[in-house]
Amino acid sequence: MSTARTALVVGGGIAGPVAAMALQKAGVEATVCEAHPSSADGVGGGLGLAPNGLNALGVIGIDEAVRDIGIPVSSMLMRSWTGKRLAEFGEPSGAPIMYTMWRSDLYRVLCDEAARRGVRIRYGARLASAQDDGDGVTASFMDGTRATADILVGADGIRSTVRSLVDPSAPAPSHTGLLGFGGWSSAKVPSTNGAMHMVFGKRAFFSYTVEDNGRVGWFANLPHKERMTSAETTAVGAREWLRVLREVFAGDRVPAVEILRGVDPDELVMTGSLEIMPPAPRWHRGRMVLIGDAAHAPSPSSGQGASQAIEGAVHLARCLRDLPVDAAFQAYEGLRRERVERITAAAARTNRNKAAGPVARVLRDLVMPTMMRLMTKPDQLAWQYDYRIDWDARVPALT
Ligand SMILES: Cc1cc2nc3c(=O)[nH]c(=O)nc-3n(C[C@H](O)[C@H](O)[C@H](O)COP(=O)(O)OP(=O)(O)OC[C@H]3O[C@@H](n4cnc5c(N)ncnc54)[C@H](O)[C@@H]3O)c2cc1C
């Protein structure tokens with residue numbers, strides 16, 4: 001197969017616009033096709049971007065614009081339901097270990113910058129199917145339009161259509177046993193001085209930060225056996241969920257209940273089931289390839305889904321710069337699979353701690369202080385956070 005000159009990127013979330021900008025830098029002309037009518041349409045909730053994700057954004061020169069929409073987090077403080085400090089980690093230099101931001105802001109900044117650089121973005125273009133004829137790919141969209149390019153990049157998230165074209169038997173994402181909630185609170189709680197507090201409560205997990213200006217951001221993971229979509233969770237109603245959450249955290253000696261009392265029900269973000277999808281068995285077939293959540297969704301507990309999506313998008317562009325399509329896809333998978341598998345496995349362990357039943361909880365609370373001390377040693381986290389992509393290094397073909 002020859003080198004790619006044009007690409008259709010399906011999905012204008014995080015991986016999509018990053019891939020398009022990186023491909024442009026690599027000399028490949030990309031068009032982004034996004035199902036929603038606008039970049040931030042219907043997107044709620046916040047996320048934390050890790051230093052490795054920002055490093056990867058630095059390769060395409062958009063890290064500063066993303067930092068500008070984020071709130072820096074200088075450390076993470078793990079606490080038990082008694083309020084006891086289990087562990088704290090941060091950079092010795094005091095540099096932020098993460099930036100938290102609204103997902104909608106991140107989508108908007110990435111898409112706006114891609115458009116400013118001349119990347120064509122088609123909104124309202126939902127991929128229905130695609131045909132690989134050996135020389136190129138023809139994509140068909142729900143609105144009846146078609147488009148062709150040398151390759152098709154599936155950046156269409158955890159429920160990827162492209163994944164089902166690459167591998168119809170690929171396993172679907174699974175429910176972690178946790179539901180996600182979050183938002184702002186008007187509660188008057190002392191500043192956490194740049195720290196994000198992570199509380200392994202008796203019955204659920206609670207996290208909060210209080211900025212120096214008094215603004216309180218929080219999220220909670222509530223154990224729930226049955227899978228629930230965001231729509232199903234919303235149908236239950238914000239007031240009812242807030243009542244449930246207050247009851248669940250009532251026995252914990254942290255300000256969770258106080259924070260939840262200050263939440264405006266109209267502003268409660270209800271994500272529904274938090275899902276995990278270990279790296280799909282196949283990431284590419286012919287001229288189609290997967291990036292981001294379409295290929296691997298390590299679950300929100302990893303704090304790495306977005307950062308891994310960004311790293312993968314940049315690496316894919318490097319590979320396509322240096323190699324013909326088939327060798328480029330193989331090299332891309334070779335560069336990425338082990339890392340995302342390791343991150344997904346670590347997140348699955350965290351999810352088990354968050355959803356621990358009564359017996360597991362006692363064990364967890366006993367071993368956690370030691371475990372946390374080991375897990376949060378700076379050298380234990382360096383492999384995730386200090387990761388840097390050498391854009392200029394030539395990518396060799398896998399032998
Ligand atoms: C509650 C929650 C909290 C999270 N917190 C964090 C966190 O703190 N840190 C972190 O790093 N990650 C976090 N994540 C994970 C992170 O959001 C994802 O890993 C990241 O969004 C993946 O980016 P992506 O571009 O691959 O997919 P997405 O961001 O999901 O984007 C996919 C895009 O594809 C579009 N699309 C879908 N189907 C089609 C189609 N057929 N045709 C055209 N377009 C299509 C969608 O509309 C969407 O815009 C969290 C996730 C959740 C649910």
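Guide: Start with Met-76: its bridge partner in β14 is Met-196. Helices (H or I, at least four residues) and strands (E, at least two) are DSSP runs, numbered from the N terminus. Two strands pair if DSSP finds at least two bridges between them. The model is predicted, so local features need pLDDT of at least 70 and side-chain atom pairs count only at pLDDT 80 or more, while totals for chains, interfaces and linings use all residues. Residues are numbered from 1 along each chain as its sequence is written, and side-chain values use heavy atoms, with hydrogens and water left out.

Strand β14 covers residues 195-200. On one side, strand β5 (residues 75-80) runs parallel to β14, and six bridges join the two. Strand β15 (residues 205-210) is also a partner of β14: these two run antiparallel and are joined by four bridges. Within that pairing, Val-199 has Phe-206 of β15 as its bridge partner. The link from β14 to β15 is a hairpin of four residues.

How much of β14 is covered? Six of its six residues are buried, where buried means under 20% relative accessible area, exposed over 50%, and partly exposed in between (1.4 Å probe, protein chains only). The residues of β14 point two ways: Ala-195, His-197 and Val-199 go one way, Met-196, Met-198 and Phe-200 the other, and all are buried.

Strand β4 and strand β7 (residues 98-102) run antiparallel and are joined by three bridges, with Val-73 opposite Met-98 in β7. Touching is contact, meaning heavy atoms within 4.5 Å.

Side chains make links of another kind. The structure holds 18 salt bridges, a salt bridge being a side-chain nitrogen of Lys or Arg within 4 Å of a carboxyl oxygen of Asp or Glu. One of them joins Glu-247 to Arg-243, with the closest N and O atoms 3.0 Å apart. These two residues are four apart in helix α7 (residues 238-249), so about one helical turn separates them. Glu-247 is partly exposed at 46% relative accessibility, and Arg-243 is partly exposed at 39%.

Arg-337 and Glu-341 form another salt bridge, at 3.5 Å between the closest N and O atoms. They too are four residues apart, in helix α10 (residues 325-354), and so about one helical turn apart. Here Arg-337 is buried at 16%, whereas Glu-341 is partly exposed at 39%.

The salt bridge between Arg-394 and Asp-322 has an N to O distance of 3.6 Å. This pair links distant parts of the chain, 72 residues apart: Arg-394 is in the segment after α12 (378-385), and Asp-322 is in helix α9 (residues 305-322). Arg-394 is exposed at 61%, but Asp-322 is buried at 11%. Asp-63, Glu-64 and Arg-67 are linked in a network of salt bridges.

Finally, the whole. The protein chain has 12 helices and 19 strands. Its radius of gyration (taken over C-alpha atoms) is 21 Å, close to the 21 Å of the globule rule (2.2 Å times the number of residues to the power 0.38) for 399 residues, so the chain is as compact as a globular protein of that length. The C-alpha trace spans about 65 × 45 × 40 Å along its principal axes. Of the 399 residues, 57% count as buried. Among contacts with a separation of 6 or more, 72% come from residues 24 or more positions apart.
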